[in-house]
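Here is a walk through one protein chain, from its overall dimensions down to a single residue. Please look at the sequence and the structure before reading on.

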Amino acid sequence: MNFAFTDEQEQLREFVRSFLEEKSPEAAVREQMDTERGFDPDVWAQMSEQLGLPGLAIPEAYGGQGFTCVEQVVVLEEMGKALLCAPFFSSAVLAANTLLHCGDEEAKQAHLPGIASGDTRAALAFTEQNGRWDEPGIAMAATPDNGSWRLDGVKMYVLDGHTANLIIAAARTPGGVSLFAVDPGADGLDRAALSTMDQTRKQAKLTFEGVEAALIGAEGQGWPVLETVLDLAAVALAAEQVGGAQRCLDMSVEYAKVRVQFGRPIGSFQAIKHKCADMLLQVESAKSAAYYAGWCAAEMNDELPQVASLAKSYCSEAYFGAAAENIQIHGGIGFTWEHPAHLYFKRAKSSELLFGDPTYHRELLAQRIGL
């Protein structure tokens, strides 16, 4: 069995890398992170119309390109390396996978073509003020209303929720956790951008007060769908973390070559060598975990739940460790606002907590393998 990337996948990597080097340099990242919207509509349009990235892993029957999670892993790794500010993760990963696995053909036909084209920027709203990522954490109520549904409650930490033009919300009905499509302009819905540590990935608070919603899939069958989506999201985030960790390693090695102290490059000192060697080991191991998880996601095999938690926990720690060491190797300049090291450090920390921290996923892994 060959787990190496194909020539076509490597070409995709190079193509996306070239695009991001032009469209997502540090200056562009800093510009967009200071806006409430958090992304450049022109760059998003280019990503959608010219590269077709939002529809990369969406089947051709729904307007996508019909590739797999493996190709998406390649793209996300490059996006993580460039700290791309865009609603790709929220729309093309979270929302698209929710629709793909919901079992509702009508909902797929209605929403997936728009997501694939980039015209629809969708957001998945399931976390609440309790900060939990599991089924008991979903408390928002959904009540039937003359053939429709009404939602009441608050959703927190919704990625790109304040700018999305489609909201997919999880709420409790008499039958259990269910999924709903919500028009962001519906009466009773209030959306507010949150102040976050990682300004490169925007989050929002959504308040629902009797908001009209359309049921997606079968009533009470929302959690099995979300469980799969969260596993796929963990894999996608692990790939993004690998890209960020690799960038931190590259920055550290480059600085160690050019920074001179006591008459020689600091990379010649044993302490710096050890730091870089440890970072390399962590980054390469994280790549192995993320790539294998991407293959499991593409195959949707029985290993996915276990491997997703393994990859998320390891890649989270590898990225945060690399980001922290990057600052240490850079010394005083690494602590300054002007240097990009802090951008990766903040992204690493927020990604570590997103969808559950390493401790949560190790416990989840233990449960899934029967320990």
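Buried residues account for 55% of the 371 residues in the chain. The model is a predicted one, and the values below are computed from it.

Begin with the whole chain. Its secondary structure consists of 11 helices and nine strands. The radius of gyration is 21 Å, close to the 21 Å that the globule rule gives for 371 residues, so the chain is as compact as a globular protein of that length. Along the principal axes, the C-alpha atoms fill a box of roughly 80 × 45 × 40 Å. The contacts can also be sorted by sequence separation. Of the contacts in the chain with a separation of 6 or more, 75% are between residues 24 or more positions apart.

Helix α1 covers residues 7-23 and helix α3 covers residues 41-51. Their axes come within 12 Å and cross at roughly 160 degrees. Angles over 145 degrees count as roughly antiparallel, so α1 is roughly antiparallel to α3. The crossing of α1 past α3 is right-handed. On the α1 side, the contact is made by F15, F19 and K23. On the α3 side, V43, Q46, M47 and L51 take part. By class, the residues of this contact are five nonpolar, one polar and one charged.

The contact of α8 with α9 has 20 nonpolar residues, together with three polar and two charged ones.

Is L280 buried, partly exposed or exposed? Its relative accessible area is 44%. Buried means under 20% and exposed means over 50%, so L280 counts as partly exposed. L280 can also be placed relative to D250, which is 30 residues away in sequence. In space, the C-alpha atoms of L280 and D250 are 9.5 Å apart.

Terms used:
Residues are numbered from 1 along each chain as its sequence is written. This is a predicted model: local features need pLDDT of at least 70, side-chain atom pairs count only at pLDDT 80 or more; totals for chains, interfaces and linings use all residues. Side-chain values use heavy atoms; hydrogens and water are left out. Ala, Val, Leu, Ile, Met, Phe, Trp, Tyr, Cys and Pro count as nonpolar, Asp, Glu, Lys and Arg as charged, and the others, Gly among them, as polar. Helices (H or I, at least four residues) and strands (E, at least two) are DSSP runs, numbered from the N terminus. The radius of gyration is taken over C-alpha atoms; the globule rule is 2.2 Å times the number of residues to the power 0.38. Buried means under 20% relative accessible area, exposed over 50%, partly exposed in between (1.4 Å probe, protein chains only). Contact means heavy atoms within 4.5 Å. Axes are lines fitted to C-alpha atoms, for helices over the stretch in contact, and angles run from 0 to 180 degrees between N-to-C directions. Angles under 35 degrees count as roughly parallel, over 145 as roughly antiparallel, 65 to 115 as roughly perpendicular and the rest as oblique. A crossing is left-handed if the near helix is turned anticlockwise from the far one by less than a right angle, and right-handed if clockwise.
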